[in-house]
Amino acid sequence: MAGWTHHDGQAISLPLDNVDTDQLIPARFMSIPRAQGYGGHLLYDLRRDEAGDLRSDFPVNRWPNASILIAGRNFGCGSSREAAVYALVDAGFRAVIAPGFGDIFAGNAVNNGLLPAQVETDMVAALTAATPGTAQIDLENRRIVMGDVQAEFALGDAARTKLINGWDDIDLTRAEAERITAYRATRAQSAPWVWPG
Amino acid sequence: MITGLDAVEQTRRILPRPRIRLELGQSSGIDMTAPQTLLDKLWSAHEIRKRADGASLLWVDRHLVHEGSHHGFAKLAARGLPVAEPALTFAVVDHYAPVRDRDHIADPDIARMIRTLEQNADTHGLRIFGLKDPAQGIVHVIGPEQGLTLPGLLVTCGDSHTSTHGALGALAFGIGATEVAHVLATQTVWQVKPRAMRITVEGTLGPGVSAKDIALNWISRLGTDGARGHAVEYAGSTIRGLSVEGRLTLCNLSIEGGARFGMVAPDAVALEYLRGRPMAPEDAVWDRAVNTWGALHTNDGASFDREAQFDAADIAPTVTWGTSPEQALPIDAALPDPSRLPDYKAGAAKDALDYMGLSPGRPVEGVPVDQVFIGSCTNARIEDLRMAAAVLAGRRAQVPGQVSPGSALVRAQAEQEGLDRIFTNAGLDWVQSGCSLCVGMNGEMVGPGKRCASSTNRNFRGRQGPGARTHLMSPAMVAAAAVAGHLIDVRPMLEGRI
Ligand code: SF4
């Protein structure tokens, strides 16, 4: 996964609260291998009308080149399915801006290079009012600029360093092998019931 | 009736408390003289290392995998790595499990998902609870049932309802596929410590009111993001009075209130539940474990980042009316009227009422249902089935429905008690164990526009199938809805029966 510090792209808005992971990608698409791409399944049922045709007025359909999504409160709540993040990333998104995110979704996003930018509710409203338009994201300074609107976003240090460095956790952790081995030995001594039978 | 404004008022009951600054050492973590929360104790016991940016490397004692973990195994295979601790990794077939005819899986995708898990378990030498296993069931039901879940353990699973296991005093949380691959490869996980929140419930629950109602109640008052960023510890006399089954239900639903972790300090009730379980320690090791677990509680004077208090006497049987678990009301309330709600709630309420096909302001009671479902990791344990059966005994369901026990062992127990016959005599289908209609991955779905009274945990749009309308409630309330053919207060129907 490549790290990044700046992104300029088209921002669109999806002004709905509680867009949950079941809406981001319905369960029936979860058995597909990642190699086939998840972008077409993003917000599958919301994007379509009753006949199953794409709704031309739905933001993600109308601006297929958008890379920044400005959403409502509690985006990505619900399940741990990382496929919700795959669907956004495969559809070309690099950042989601919202007043808040489901905790597991935010972690999954960072693990896939997608920025979950938490912005105060009134600033989300100001950014939403400026869509569709181009936005500039500065990850190092945690800032988003859209026309005259400038917003700061909250992002934990751990998430920020990881996005910037494009870290692969497994490689990082394997460098900790000695500490892990030592911990394991202590654990086996102090809590032998951890290893059943 | 709870109006939007009442909800805002309720939110004010959360008393902000000053945070104590803890001196964080390099590995042992915390100043041992300061009073600690249960979260502090569980966290520091698993912390291998803390990075300057705040992320902790935590040791994982139990990693539970299911069919949906295929992305994690694929990432592991792409690196050619083995599973680090096969003896601490357990595989469960549940999400895609057929609950009717297990010998003939018609859908090739479903058959492939199950086969892939079996192959991964075989390749890495993992214990698998497969379709034919007498202990098969839903991952969050069989963990506690087998004694795999123990106090003080750190439990991860690629499933958000992993919070369930915290009911026994474990540090348990759901993880995504990248993290699943990481745990498989290293038996550790990087996490930033959540803030600590305590939800205290005092008093006695009324008859017919259960842990499900406690959960829907606090979520409706605090919102689905009410506990976001926090680990919730449940405390108070009502919680101590709950059975382990009830605590599991409560911790299960923590994620619907935004909390990745739910927990209850282990006590005599928890120990009684665990003793003699297949994977629980025995004899001298058990005694030693019990001794260690005695320290797993929040010390007097320990500080929480947030506190919320509820009175059990205020909690009525509760049902959801919308498309988010926070859109819930007592059964004797009336639906909201968006034109009378504050702006920030009106839009969502209107959309939800439209999707659910409900008119504003009408009473919750009397909303007709098309079908019912009793099942899921939230409410399909033996106690849940007993409550539903208490309502259904000698009565007929007006609508079709099915009962899917949380595990094959729960199923066997229920059959021994004759509960299966109560369900089938009432006209409901008695099927095998799996996630089933909770998520619709095994091919079963609620039809478009159909309304289902359900003992599950999510009423999201399309959760039970495209266009499906889900009302969440306790198993007893689902049983009552089956008998009446519409949403109804279960309390009068239980008189003289419990
Ligand atoms: S029963 Fe439902 S919530 Fe529980 S693990 Fe299965 S799909 Fe998830």
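**Figure 1. Salt bridges between chain A and chain B.** In this predicted model, the rule picks out 8 salt bridges across the interface of chain A and chain B; a salt bridge here is a side-chain nitrogen of Lys or Arg within 4 Å of a carboxyl oxygen of Asp or Glu. One to look at joins the side chains of A:Arg184 and B:Glu85, at 2.3 Å from N to O. A quick word on reading these legends: the model is predicted, so local features need pLDDT of at least 70, side-chain atom pairs count only at pLDDT 80 or more, and totals for chains, interfaces and linings use all residues. Residues are numbered from 1 along each chain as its sequence is written, chains are lettered from A and ligands numbered from 1 in the order in which they are written, and side-chain values use heavy atoms, with hydrogens and water left out.

**Figure 2. What chain A brings to chain B.** There are also 30 residue pairs in polar contact across the interface of chain A and chain B, both partners at pLDDT 80 or more. (A polar contact is a pair of N or O atoms within 3.5 Å; within protein, one must be able to donate a hydrogen and the other to accept it, and residues adjacent in sequence count only if both atoms are side-chain atoms.) On the side of chain A that touches chain B, at least two residues each come from helices H1 (21–24), H4 (103–111), H6 (157–165), H7 (169–174) and H8 (177–190) of chain A. Helices (H or I, at least four residues) and strands (E, at least two) are DSSP runs, numbered from the N terminus. H8(A) supplies the largest share of that side, 7 residues.

**Figure 3. How much area chain A and chain B cover.** About 5000 Å² is buried between chain A and chain B, with 55% of it from carbon and sulfur atoms; buried area is the accessible area (1.4 Å probe) that two parts lose on being put together, summed over both. In chain A, the residues losing the most area to chain B are A:Ile170, A:Tyr183 and A:Trp193, together 15% of what that side buries. The contact (heavy atoms within 4.5 Å) draws 58 residues from chain A and 72 residues from chain B.

Figure 4. Chain B splits into domain 1 (5–193) and domain 2 (319–494), with bounds from an automatic or database domain assignment. Their C-alpha centres lie 27 Å apart. Each of the two puts 25 residues into the contact. Between them, domain 1 of chain B and domain 2 of chain B bury about 2100 Å². On the domain 1 side, B:Val99, B:Arg100 and B:Ile138 lose the most area to domain 2 of chain B, together 30% of what that side buries. B:Arg100 also pairs up with B:Glu444 in a salt bridge, their closest N and O atoms being 3.6 Å apart.

Figure 5. Among the buried ones are B:Pro475, B:Met477 and B:Val483. What do the buried residues of H16(B) pack against? Their neighbours in chain B are strands S13 (318–320), S15 (371–374) and S18 (451–454), plus helix H13 (382–392). Just after H16(B), B:Gly485 takes a positive phi of about 80 degrees.

Terms used
Buried < 20%, exposed > 50% of the residue type's maximum accessible area, 1.4 Å probe, protein only.
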